[in-house]
Amino acid sequence: MSELSHVDGEGRARMVDVSAKSDTVRIAVAAGELLTTAEVVALVRADDMPKADVLSTARIAGIGGAKKTSELIPLCHQLALSSVKVEFGFTDTTITIEATAKTKGPTGVEMEALTAVAVAGLTLHDMVKAVDPAATLNGVRLLTKEGGKHGHWVRPESEPTAVPADGLHQVSGTTDSAAGVTDGPHSHSHATESANNTLPEDARSAVVLVASTGTAAGTRVDTTGPVLTEWLAGLGFSVRGPLVYADADITVGLADALRFEPSLVISTGGTGASPTDATPEATLAVLTRELPGVAEAIRQRGTAKFPLAALSRGVAGLAGRSVVVNLPGSPGGVKDGIAVLEPLLDHLLAQVAGGGSHDNN
């Protein structure tokens, strides 16, 4: 049986000495949900609570909570957080919370992510208690973590939580630019807008993944992810995303996108020839089979109008039973991808699921 890290040989609480550990990039994702009433969910989504701006207030509180973790949890180390994102989604009677914390250092950021969820959830409770004093904060838990000697860890059980009503009304924040962003379909100036929730196994589930260092840093507006999210929702998919990751973190982004085994993952960005463009390599590392014809068709459609589209290195294929397709990071490249994919998707997904008996040449 493993020993508890925060207890010494004599059973006394201790702060772990991490001075001998090497600095690595460390990322942790945690989640929870506020169980409330359908009336409260409708009021929050309409921004019509007696205490206004509920989600923005809870988001900023969660970010602040992550930054105060070492003061709240006595044996935690002080960390230089490089990013904290807090995101929300909805079901009929639930507001879901997901927090992502990131640092580069000798110890992990699990407690910071968990604290962000807890504080955001308690703030939601405070904001809605006038309407529903019986609201309950449930299921605060770690989902994934990266970095250190143990590398990538994913929560072993798949826990269904909430299916977002859509992918365009979720909110997020970062430590660099937490204030000044409104919630809704036009607030795309933050690092990510996503629901980040488990989807039912029998749903047509899709994830939109954006590789953009500028968007992840909050210095660039995402013009592609929301387009893909809206398109997929219009086709009847339950959509998670857009998930936004810096180019250097796209491997983590793909692991995040694939963790609930969605039917479809569409990425945008990071397919060019610049030194930081790494989406194709990260995608190839997770594919079990390639679909070269799909990627080539997207390139050909783009090249017919814009010769530089030939420089896109995007790939497509299967990661288990999830179809993964890379699209360029431009609105035109996404438009070309949509045009190619729309007539293929139903048949392709049916084939992957074990149906679809048509012969392909």
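Me: What should I know before I start?
Reply: This is a predicted model, so to speak of local features a pLDDT of at least 70 is needed, side-chain atom pairs count only at pLDDT 80 or more, and totals for chains, interfaces and linings use all residues. Residues are numbered from 1 along each chain as its sequence is written, and side-chain values use heavy atoms, with hydrogens and water left out.

Me: How many helices and strands does the chain have?
Reply: Elements are DSSP runs, numbered from the N terminus: helices are H or I with at least four residues, strands are E with at least two. The chain has 10 helices and 11 strands.

Me: How much of the chain is buried?
Reply: Buried means under 20% relative accessible area, exposed means over 50%, and partly exposed lies in between (1.4 Å probe, protein chains only). Buried residues are 49% of the 361 in the chain.

Me: What is the accessible surface of the chain?
Reply: Areas come from the Shrake-Rupley method with a 1.4 Å probe; for residues, only the protein chains shown count as cover. The total is about 16,700 Å². Carbon and sulfur atoms hold 55% of that surface.

Me: How do I read contacts along the sequence?
Reply: Contact means heavy atoms within 4.5 Å. Take contacts between residues at least 6 apart in sequence: 75% of them join residues at least 24 apart.

Me: Where is Ile73, and why does it count as partly exposed?
Reply: Ile73 is in the loop between α3 (69-72) and β2 (81-90). Ile73 counts as partly exposed because its relative accessibility is 31%. Setting aside neighbours within four places in sequence, Ile73 contacts Met111 and Thr115. Ile73 and Met111 are 38 residues apart along the chain, with 8.4 Å between their C-alpha atoms.

Me: Which residues touch the most other members of the largest nonpolar core?
Reply: A nonpolar core is a set of buried Ala, Val, Leu, Ile, Met, Phe, Trp, Tyr and Cys residues joined through side-chain atoms within 4.5 Å. The largest one has 31 residues, and Val44, Leu55, Val86, Phe88, Ile95, Ile97 and Leu124 touch the most other members. At least two residues each come from β1 (24-35), α1 (38-45), α2 (54-67), β2, β3 (94-105) and α4 (110-128). The largest share, eight residues, is from α4. Outside four places in sequence, the contacts of Ile95 include Val44, Leu55, Phe88 and Leu124. A second, separate core has 25 residues, among them Val208, Leu228, Ile266 and Leu349.

Me: What is the strand order in the five-strand sheet?
Reply: Two strands pair if DSSP finds at least two bridges between them. The five-strand sheet is open, with order β2-β3-β1-β4-β5 and antiparallel pairing. Its edge strands, β2 and β5 (153-154), each pair on one side only. Eight bridges link β1 to β4 (136-146) in the antiparallel sense. Within that pair, Val29 stands opposite Thr144.

Me: How is a helix placed against that sheet?
Reply: Axes are lines fitted to C-alpha atoms, for helices over the stretch in contact, and angles run from 0 to 180 degrees between N-to-C directions. Here α4 lies across β1, β2, β3 and β4, at about 25° to β1.

Me: Which strands stand at the edges of the six-strand sheet?
Reply: That open sheet runs β7-β6-β8-β11-β10-β9, with mixed pairing. The edges are β7 (238-245) and β9 (289-290); each has a single partner strand, so one side of each lacks a neighbour in the sheet. Six bridges join β6 (205-211) to β7 in parallel. Ser205 stands opposite Ser238 in β7. Two bridges join β9 to β10, which run antiparallel; Arg289 has Leu318 as bridge partner.

Me: Which way do the residues of β10 point?
Reply: Side chains in a regular strand alternate between the two faces of the sheet. In β10, Ala316 and Leu318 point one way, Gly317 and Ala319 the other, and all are buried. Four antiparallel bridges connect β10 and β11. Their hairpin has two residues between the strands, and Gly320 takes a positive phi near 70°.

Me: Is α7 mostly covered or exposed, and what does it lie across?
Reply: Helix α7 (250-258) is mostly covered, with seven of its nine residues buried. Among them are Ile250, Leu254 and Leu258. Helix α7 lies across β6, β7, β8 (264-268), β10 (316-319) and β11 (322-327), at about 165° to β7.
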